[in-house]
Amino acid sequence: MALCLKQVFAKDKTFRPRKRFEPGTQRFELYKKAQASLKSGLDLRSVVRLPPGENIDDWIAVHVVDFFNRINLIYGTMAEHCSETSCPVMAGGPRYEYRWQDERQYRRPAKLSAPRYMALLMDWIEGLINDEDVFPTRVGVPFPKNFQQVCTKILTRLFRVFVHVYIHHFDSILSMGAEAHVNTCYKHFYYFIQEFSLVDQRELEPLREMTERICH
């Protein structure tokens, strides 16, 4: 029997604590504006557009953190179905395999299981969004010059979570009654990265047919 969404996305299902915006900050106000637009029923294509007069880096920062929270939660709900045994390689079907590389433990691309890849990915993103030199929160502190490049790398890797979840764990999505929620999150993510050209089109290929179907 499918679980209700309240159960699926309950707090105890989160993969890790949510990253939040500090009340009173400009980014918190932007976050509230973005959430209000989402809840208003506006078309998702229009929701992702940069509001007049707002800074593009602030807008991207707000969405990167929000997508991290949402995608982290989606994966967390089905992590029990993604094991070293069921998913010994981080992949998106037989044609796509994702290897992990970072500046610490894995300096060369490494073939890892999906759960290991996911754990490293979420740790890596969490480290970046909590780094004041990358995601500054103090008023008057500018974003680094490579900020959008960093966000492109984060969003590219988050897209791979969607690829793995949709291709390898779609049955789990259905059994939990979460298909509509996951699809909406994916569409929001897809329209955002397309609006600001943040992910290379080649990275989107594994879900191209599905995207054409649900993001028409």
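Modeller: Start with the lining of the largest pocket: its largest share, five residues, comes from H5. This is a predicted model. H5 spans 114-129, and helix H6 spans 147-168; each supplies at least two residues of that lining. In total, 15 residues line the largest pocket. Nearest its centre lie Asp-102, Glu-103, Arg-104, Trp-124 and Leu-128. By class, the lining divides into six charged, five nonpolar and four polar residues. The volume of the largest pocket is about 510 Å³.

Now helix H4. It runs over residues 56-77, 22 residues in all. From first C-alpha to last, H4 reaches 32 Å, close to the 32 Å expected at 1.5 Å a residue. H4 is mostly covered, with 20 of its 22 residues buried. Its N-terminal end is capped by Asn-55. There, a side-chain oxygen of Asn-55 lies 2.8 Å from the backbone nitrogen of Asp-57.

Last, the cysteines. A disulfide is a covalent bond between the sulfur atoms of two cysteines. A search of the whole structure finds zero disulfides. The cut-off is 2.5 Å. Seen from Cys-87, the closest cysteine sulfur is that of Cys-82. Cys-82 is buried, at a relative accessible area of 4%. Cys-87 is buried too, with a relative accessible area of 4%.

How values were computed: Residues numbered from 1 in each chain as written. Predicted model: local features only at pLDDT ≥ 70, side-chain atom pairs only at ≥ 80, totals over all residues. Heavy atoms only, no water. Helix = DSSP H or I, 4+ residues; strand = E, 2+ residues; numbered from the N terminus. Expected span 1.5 Å × (residues − 1). Buried < 20%, exposed > 50% of the residue type's maximum accessible area, 1.4 Å probe, protein only. Polar contact = N/O pair within 3.5 Å; in protein donor to acceptor, adjacent residues only side chain to side chain. 1 Å grid on protein atoms, 1.4 Å probe; cavity = no way out; pocket = protein on both sides within 12 Å on 5 of 7 lines; lining within 4 Å. Points joined across faces, edges and corners; volume = space filled by probe spheres on them. Nonpolar A, V, L, I, M, F, W, Y, C, P; charged D, E, K, R; others polar.
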